[in-house]
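Have the structure open while you read.

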Amino acid sequence: MLRSLCNIVLLALASLRVNATILTALINISDAASSPAVDVAVVDQVHTIYRSALANTVGGSQNPTEESRTGIEEALKTYRQLAKKEPETYLPNIAATLNDLGILDTDENRIEKARKEFEEALKIYRQLAHKEPDVYLRYVAITLNNLGVFEGAGSRLEEALKIYRELAHRDRATYLPYVAITLKNLGILDSGKNRLNKAWEEYAESLKIYRELAQKEPGTYLLYVPMILNNLGFLDSALNRLGQARSEVSEALNIYRELAQKEPETYLSHVAVTLNNLGIVDEGQNQVNEAQREYEEALKIYRGLAQKEPEPYLPYVAATLVNLGILDRAQNQPEEARKAFEEALNIYKALAKQDPDQFSPFVEQVKKHLKNFPK
């Protein structure tokens with residue numbers, strides 16, 4: 001029923017030094033030289049590819065691929081011709097096909113083309129909903145959500161949320177998940193724009209809904225609960241509510257551990273991310289022994305994952321080593337700190353040879369950490 005209209009807005013709160021994405025992208029380090037810690041993963045899921053973020057359309061492909069582009073473009077051309085004679089029959093097909101093309105063009109970074117496709121789809125759905133709101137209003141909201149996520153536009157998401165609330169008032173079981181996902185998208189957007197209290201309220205309402213949904217359908221909705229808890233923990237940490245942040249991240253960790261017992265290939269990486277989050281919070285509360293254990297467990301998991309899939313996980317090995325190095329240096333354990341920094345540096349250097357734009361800044365940051373050590 002509900003596809004994953006997830007997050008494509010990368011959080012960047014000024015009060016935190018480093019954000020990280022989970023699994024699908026790389027760690028983004030700011031100026032760590034003046035910072036006592038590097039936050040490897042303060043948010044559980046903040047960035048995914050557009051295809052997972054966009055698409056829930058009537059009559060369109062459920063998972064359009066680039067290989068299917070020619071067929072989709074030909075179908076659009078045919079639907080446009082047919083719609084000239086029978087608009088009521090074929091306009092919905094045009095809108096759905098435009099959404100499919102918007103997804104493909106977003107994947108290929110054809111931003112303006114994708115925007116035009118989504119906007120035309122929205123215009124058609126508004127026209128259809130004016131005549132048949134019971135049928136097409138939900139697709140107005142879906143396309144607004146697509147555009148809101150695509151553009152980082154709160155006004156689009158707010159309008160989508162308003163429609164979903166109205167629909168949920170009539171059909172709670174069907175539309176409550178849409179309310180929750182749109183609130184989550186708004187929370188991500190408002191976090192990125194440093195509207196922390198507003199984002200917190202959106203996440204909190206989203207969490208409440210997901211808890212309710214997970215009680216009835218844990219297989220479908222439980223995974224959203226720790227995701228939102230981690231995001232709330234991120235915000236509470238930024239707002240210096242570390243006790244509350246720890247409670248939220250600890251609960252997220254417990255849920256991910258439970259999920260990882262059943263599906264380790266899917267959720268073990270989430271356990272590692274959340275351990276890093278918890279280590280950051282504990283380090284902030286000067287619970288250094290707890291933070292050390294959490295970083296070390298995260299590192300052990302990342303090493304295991306990187307042995308099987310080095311490309312996505314080696315950056316997380318390196319970043320966790322940096323966290324451990326910073327902690328060791330603060331605890332007056334210079335040799336342990338040096339070893340951690342040097343291993344992280346070697347990993348980043350190797351990664352920078354393959355992708356200098358992404359990883360050269362990491363190399364320089366770790367060099368700054370090592371600069372003050374005696375040779």
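At what angle do helix 7 and helix 8 pack, and how far apart are their axes?

1. Keep in mind that this is a predicted model. To take the question first: helix 7 packs against helix 8 (residues 196–216) at an angle of about 150°, and their axes are 8 Å apart. Since angles over 145 degrees count as roughly antiparallel, that makes helix 7 roughly antiparallel to helix 8. Their crossing is left-handed.

2. Next, the aromatic rings. The structure holds 13 aromatic pairs. In one of them, the ring centres of Tyr164 and Tyr178 are 5.0 Å apart and the planes sit at 35°, so this pair counts as tilted. It links distant parts of the chain: Tyr164 belongs to helix 6 and Tyr178 to helix 7 (residues 172–192), 14 residues apart.

3. Stay with those two tyrosines for a moment. Are Tyr164 and Tyr178 buried or exposed? Both are buried. Tyr175 comes in here as well, as ring pairs join Tyr164, Tyr175 and Tyr178 into a cluster.

4. Now move to helix 4, which runs over residues 111–131. Its 21 residues reach 31 Å from the first C-alpha to the last, close to the 30 Å expected at 1.5 Å a residue.

5. Which residues of helix 4 are buried? Look for Ala114, Glu117, Phe118, Ala121, Leu122, Ile124, Tyr125, Leu128 and Ala129. Their cover includes helix 3 (87–107), helix 5 (133–151) and helix 6 (154–170).

Conventions: Residues are numbered from 1 along each chain as its sequence is written. This is a predicted model: local features need pLDDT of at least 70, side-chain atom pairs count only at pLDDT 80 or more; totals for chains, interfaces and linings use all residues. Side-chain values use heavy atoms; hydrogens and water are left out. Helices (H or I, at least four residues) and strands (E, at least two) are DSSP runs, numbered from the N terminus. The expected span of a helix is 1.5 Å times one less than its number of residues. Buried means under 20% relative accessible area, exposed over 50%, partly exposed in between (1.4 Å probe, protein chains only). Contact means heavy atoms within 4.5 Å. Rings of Phe, Tyr and Trp (its six-membered ring) pair if their centres lie within 6.5 Å; planes under 30 degrees apart count as stacked, over 60 as edge-to-face and the rest as tilted. Axes are lines fitted to C-alpha atoms, for helices over the stretch in contact, and angles run from 0 to 180 degrees between N-to-C directions. Angles under 35 degrees count as roughly parallel, over 145 as roughly antiparallel, 65 to 115 as roughly perpendicular and the rest as oblique. A crossing is left-handed if the near helix is turned anticlockwise from the far one by less than a right angle, and right-handed if clockwise.
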